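Subject: Structure handover

Hello,

Here is the structure I promised to pass on. My notes on what turned up follow below it.

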Amino acid sequence: MSKNLRSTFMVVALLFILTATELVNASPAVKIAIEPSEVTDLESGATFTVNVTISDVVNLYGWQVNITFNPGILNVEETAEGPLLKQVNETIYVKKIDNDRGYVLASCSWMPPYPAQGVNGSGILMSITFTVKGSGVSSLSFVKAATKLNTVIA
């Protein structure tokens, strides 16, 4: 994919997220989590993958997460979009990985034409593969998790 096309997709995705008429925090029943919640006993150079999951969501059209980690301990090798939104419509998945500052910012939304209703249920939003750089402890924390519900931009 050319750099201009990729930049255009990133702008479209960000505009979709930023110009939504209704951005709501997930209801108490909806849970966004990192699974597995704990990974232990890994040596330097080892890799592992975690999934960002959502449970009991209703009418999901898009999502965005910002996850932080200790950059002295971990390095993000790659991220991948999960199957939850792709099962209904073609998507655009945008990510920014900053291994120096220790964060992953990712978002996903549907490409037009938008379905009449969003996704209901539970599933994997994305996967993140890390490499262990050194010994110690690193938490993986959500800075902000948001879902867009009942929003279609024509």
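The largest pocket has a volume of about 480 Å³. Pockets come from a 1 Å grid over the protein atoms alone: a pocket is an open set of points where a 1.4 Å probe fits, with protein on both sides within 12 Å along at least five of seven lines. Grid points are joined across faces, edges and corners, and the volume is the space filled by probe spheres set on those points. The lining counts 22 residues, and Val39, Thr40, Phe48, Val137 and Ser138 are the closest to the pocket centre. Lining residues have an atom within 4 Å of a point. By class, eleven are nonpolar, eight polar and three charged. Here Ala, Val, Leu, Ile, Met, Phe, Trp, Tyr, Cys and Pro count as nonpolar, Asp, Glu, Lys and Arg as charged, and the others, Gly among them, as polar.

Some ground rules. This is a predicted model, with local features needing pLDDT of at least 70 and side-chain atom pairs pLDDT 80 or more, while totals for chains, interfaces and linings use all residues. Residues are numbered from 1 along each chain as its sequence is written, and side-chain values use heavy atoms, leaving out hydrogens and water.

Now the fold. Of the 154 residues, 40% are buried. Buried means under 20% relative accessible area, with a 1.4 Å probe and protein chains only. The accessible surface is about 8500 Å², and carbon and sulfur atoms hold 52% of that. Areas come from the Shrake-Rupley method with a 1.4 Å probe. Take the contacts between residues at least 6 apart in sequence: 79% of them join residues at least 24 apart. Contact means heavy atoms within 4.5 Å.

Next, the aromatics. The whole structure gives four aromatic pairs. Rings of Phe, Tyr and Trp (its six-membered ring) pair if their centres lie within 6.5 Å; planes under 30 degrees apart are stacked, over 60 edge-to-face, the rest tilted. Tyrosine 61 and tryptophan 110 have ring centres 5.1 Å apart and planes at 75 degrees, so they pair edge-to-face. Tyrosine 61 sits in strand β3 (residues 47–68) and tryptophan 110 in strand β6 (residues 103–110), 49 residues apart. Tyrosine 61 is buried at 2% relative accessibility. Tryptophan 110 is buried too, at 1%.

Phenylalanine 69 and phenylalanine 130 also pair edge-to-face, because their planes stand at 75 degrees; the centres are 5.5 Å apart. Phenylalanine 69 lies in the loop between β3 and β4 (74–81), and phenylalanine 130 in strand β7 (residues 119–132). Both are buried. Phe48, Phe69 and Phe130 make one aromatic cluster.

Which residues does leucine 74 touch, not counting those up to four places away in sequence? They are Phe48, Phe69, Phe130, Thr131, Val132, Lys133, Ser138 and Leu140. Leucine 74 belongs to strand β4. Its relative accessible area is 5%, so it is buried.

Asparagine 75 is in strand β4 as well. Beyond four places in sequence, asparagine 75 contacts Asn99, Thr129, Phe130, Thr131 and Lys133.

Best wishes

Key: Helix = DSSP H or I, 4+ residues; strand = E, 2+ residues; numbered from the N terminus. Buried < 20%, exposed > 50% of the residue type's maximum accessible area, 1.4 Å probe, protein only.
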